[in-house]
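Please look over the model shown here, with attention to its charged side chains, its helices and its nonpolar surface.

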Amino acid sequence: MADRVINGLLTVLGLALIAMVALSVWNVFSRYVLASAILWADEVLVFAMIMLAWLGAIACAWRNFVIRMDILVNILPAAIQITLSLIQLCLVAGICLWTAWLSWAYVLRLFRFGMTSDAAGLPLWIVHGAITLSLFVMAMIALLRFVRLAIWGRQQGWQGRLATGEKQ
């Protein structure tokens, strides 16, 4: 079920990216051909790109698409590899949870004050809330991987799925 949710998220993000490109093209056309720019477009595009990146990070974390330098780790014995993976997952979960907690306090302040963006008037808590949500979900994914790796070990632990649905 989680794979379906991630695929749905990626579909929504892809459609958002298409809409962003269309808005950008229309803004360039209207600015240089019609001599009438859309004043809020650039601001909305920046906020949308921020949200796209952070929400897309959830899909990357779920599918285990992370940048790693594991050449040396791969030559170590399996027990050491598992121990290092457990330490890494603890660190990722801890840092993401701590940062999400700090971010949540900021999002609440933005919400309480009703702060909006200058040109588009967008509530700023929505953009910053996407970052908080992403950090929290990535922490939960790391904790899930930690529990599964600690209980079942590398062979039976969850490895994530590629975009095609194949196991890694």
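Is Asp-42 buried, partly exposed or exposed, judged by its relative accessible area? In this predicted model, Asp-42 is partly exposed, because its relative accessible area is 41%, a value that falls between the limits of 20% and 50%.

Asp-42 also takes part in a salt bridge, in which its side chain meets that of Arg-31 at 3.4 Å, taken from N to O. The pair links distant parts of the chain, since Arg-31 belongs to helix α1 (residues 2-32) and Asp-42 to helix α2, eleven residues apart. Arg-31 counts as partly exposed too, with 31% relative accessibility. A search of the whole structure finds one salt bridge.

Arg-63, by contrast, is placed in the loop between α2 (41-62) and α3. Arg-63 is buried and yet has no salt bridge, as the nearest side chain of opposite charge, that of Asp-3, is 5.5 Å away, whereas a salt bridge requires the nitrogen and the carboxyl oxygen to be within 4 Å. The side chain of Arg-63 does have a polar contact, of 2.3 Å, with the side chain of Asn-7. Also following α2 is Asn-64, which has a positive phi near 65°.

Helix α2 itself has 22 residues, which at 1.5 Å a residue should span 32 Å, and the C-alpha atoms at its ends are 31 Å apart, so the two values agree. The buried residues of α2 include Phe-47, Leu-52, Leu-55 and Trp-62. Another residue of this helix is Ile-58, which counts as buried because its relative accessible area is 7%. Between Ile-58 and Ala-2 there are 11 Å in space, C-alpha to C-alpha, although the two are 56 residues apart in sequence.

The relative accessible areas given for single residues are set side by side below.

| Residue | Relative accessible area | Class |
|---|---|---|
| Ile-58 | 7% | buried |
| Arg-31 | 31% | partly exposed |
| Asp-42 | 41% | partly exposed |
| Leu-72 | 64% | exposed |

Leu-72, which lies in helix α3 (residues 71-74), is exposed at 64% relative accessibility and is one of the residues that make a nonpolar surface patch of about 770 Å². Helix α4 (residues 78-113) supplies the largest share of the patch, namely five residues. As a general point, an α-helix has 3.6 residues a turn, so residues three or four places apart point the same way.

Note on methods. Residues numbered from 1 in each chain as written. Predicted model: local features only at pLDDT ≥ 70, side-chain atom pairs only at ≥ 80, totals over all residues. Heavy atoms only, no water. Patch = residues over 30% accessible without salt bridge, like charges linked within 9 Å, V, L, I, M, F, W, Y side chains within 5 Å. Areas by Shrake-Rupley, 256 points an atom, 1.4 Å probe, with all protein chains shown as cover. Helix = DSSP H or I, 4+ residues; strand = E, 2+ residues; numbered from the N terminus. Buried < 20%, exposed > 50% of the residue type's maximum accessible area, 1.4 Å probe, protein only. Lys, Arg positive; Asp, Glu negative; His and termini not counted. Polar contact = N/O pair within 3.5 Å; in protein donor to acceptor, adjacent residues only side chain to side chain. Expected span 1.5 Å × (residues − 1).
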